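Biologist: I am new to this structure and would like to go through it slowly, asking at each step what stands behind the words used for it.

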Amino acid sequence: MQKLDDVLKAHRQRPPAGPDASEQSEKNISAASNSKTKDAVNGSSEPSTVPELSHVSHDSPIDALDDATLEQILYGGRPATSQQTGGLTAAQEDALYREGTIPSPDEAEVSVGSPERVTANSIQPAQAGDIRNPGLKFDLPKKPYPEGFQMKQRYHPVLEQLTRLLMRDGKLSVAQRNVAMVMNFLRTAPAPIYSPKFPLLPGTPPASHLPLNPVLYITIAIDSVAPLLRVRNIAGAGGGGRALELPVPLAIRQRRREAIKWILDVIEKKPSKGSGRKQFPHRIAEEIIAVVEGRSGVWEKRKQVHKLGTAARANIGSRKLKTKKKM
């Protein structure tokens with residue numbers, strides 16, 4: 001009973017909780033703020049009796065990391081960029097269009113200046129006292145004419161091959177118009193983002209240079225996914241009526257033809273996004289960008305062909321193949 005009386009007595013002495021209590025607390029807060037303002041106006045240096053809130057730090061651990069570490073954690077690393085600091089020289093582009101590879105600037109200059117590359121510009125003027133060709137300023141060219149003897153090609157070799165493969169029903173002008181639209185789309189598209197999983201040709205210029213040169217853009221995309229070989233099936237050479245798989249290297253035009261056919265097959269399987277004569281070249285341009293960025297399914301085809309060719313290397317020196325040739 002004594003404990004109960006003590007509890008009731010303490011309850012009677014407690015101040016009532018209600019609107020009066022809240023008003024009293026608001027008055028205390030306003031009085032404290034007014035006193036602080038007066039001290040600031042009067043220039044008083046005495047510390048205020050009102051406790052101030054401590055500064056709360058909002059710094060997070062992410063702010064302490066640099067960009068490279070964040071990209072490694074969130075995206076698995078920074079996208080791969082080309083080691084080439086500048087664009088390609090004229091000699092390097094010429095070597096790329098002829099051979100499908102990008103040599104160093106010195107090697108490209110040597111290959112362009114080699115005596116094997118004879119062009120119409122290399123013909124020397126006739127001597128003044130030459131009696132064999134009277135009245136001719138230049139000597140007559142010797143037959144047979146070497147390859148690439150023309151002074152200038154009217155069309156680019158890669159664009160010409162692409163145009164011929166795009167042509168349907170003999171309508172060459174329609175194919176040329178589509179290739180022109182593809183180049184315009186690539187020229188106005190943003191720079192691609194290289195993928196480290198699917199590297200392009202060694203010596204490829206930075207991504208910012210490709211939209212400036214759509215011909216180089218298309219050539220890099222085609223030559224990067226072009227297969228180096230094809231697997232030839234020799235009937236009956238495998239024994240038991242089975243065909244023997246034999247890898248065969250491809251020339252540069254054959255490689256580009258296979259790559260263009262793969263790209264067109266992927267385009268035809270994708271649904272159309274619109275109508276009109278511009279939608280087909282836009283799909284071609286989007287697929288070329290996907291090839292450069294490593295998002296196209298053409299890379300898987302190239303990987304499968306090279307994997308099959310690597311496994312078929314053991315059949316090159318097969319005795320059954322020699323027996324088949326003798327027969």
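Modeller: What follows is a conversation about how the terms apply to this chain.

Modeller: This is a predicted model, in which local features need pLDDT of at least 70 and side-chain atom pairs count only at pLDDT 80 or more, while totals for chains, interfaces and linings use all residues. Residues are numbered from 1 along each chain as its sequence is written, and side-chain values use heavy atoms, with hydrogens and water left out.

Biologist: How many helices and strands does the chain have, and what makes a stretch count as one or the other?

Modeller: Helices are DSSP runs of H or I with at least four residues, strands are runs of E with at least two, and both are numbered from the N terminus. The chain comes to 12 helices and 2 strands, and their order along the sequence is α-α-α-α-α-α-α-α-β-β-α-α-α-α.

Biologist: Why is Tyr194 called buried?

Modeller: A residue is buried under 20% relative accessible area, exposed over 50%, and partly exposed in between, with a 1.4 Å probe and protein chains only. Tyr194, in the loop between α7 and α8, has 9% relative accessibility and therefore counts as buried. Ser195, in the loop between α7 and α8, is also buried, because its relative accessibility is 16%. Buried residues make up 29% of the 327 residues in the chain.

Biologist: What makes the approach of the Tyr194 side chain to Pro205 a polar contact?

Modeller: A polar contact is a pair of N or O atoms within 3.5 Å; within protein, one must be able to donate a hydrogen and the other to accept it, and residues adjacent in sequence count only if both atoms are side-chain atoms. A polar atom of the Tyr194 side chain lies 2.9 Å from the backbone oxygen of Pro205, and the Tyr194 side chain also reaches the backbone nitrogen of Ala207 at 3.5 Å.

Biologist: Which residues touch the most other members of the largest nonpolar core, and what makes a set of residues such a core?

Modeller: A nonpolar core is a set of buried Ala, Val, Leu, Ile, Met, Phe, Trp, Tyr and Cys residues joined through side-chain atoms within 4.5 Å. The largest one has 45 residues, and Leu96, Leu186, Ile218 and Ile288 touch the most other members. Elements giving two or more residues to this core include α4 (90-99), α8 (214-225) and α10 (279-293), and α8 gives the most, with 8 residues. With contact meaning heavy atoms within 4.5 Å, and neighbours within four places in sequence left aside, Ile288 is in contact with Val182, Leu186, Tyr217, Ile218 and Ala221.

Biologist: How do you know that α6 is largely enclosed by the rest of the structure?

Modeller: In α6, 7 of the 10 residues are buried, so this helix is largely enclosed by the rest of the structure. The buried ones are Val158, Leu159, Gln161, Leu162, Thr163, Leu165 and Leu166, and their cover includes α4, α7, α8, α9 and α10.

Biologist: How many cavities of 30 Å³ or more does a search of the whole structure find, and what makes a space a cavity?

Modeller: On a 1 Å grid over the protein atoms alone, a cavity is a set of points where a 1.4 Å probe fits but cannot get out, and lining residues have an atom within 4 Å of a point. The search finds 1 cavity of 30 Å³ or more, and the largest cavity has a volume of about 50 Å³. Its lining consists of Leu162, Ile218, Ile222, Ile260, Ile263, Leu264, Ile284 and Ile288, with the largest share, 3 residues, coming from α9.

Biologist: Is Asp169 buried or exposed?

Modeller: Asp169, in the loop between α6 and α7, is exposed, because its relative accessible area is 74%. Phi of Asp169 is near 60 degrees, a positive value in a residue other than glycine.

Note on methods
On a 1 Å grid over the protein atoms alone, a cavity is a set of points where a 1.4 Å probe fits but cannot get out, and a pocket is an open set with protein on both sides within 12 Å along at least five of seven lines; lining residues have an atom within 4 Å of a point. Grid points are joined across faces, edges and corners, and a volume is the space filled by probe spheres set on the points.
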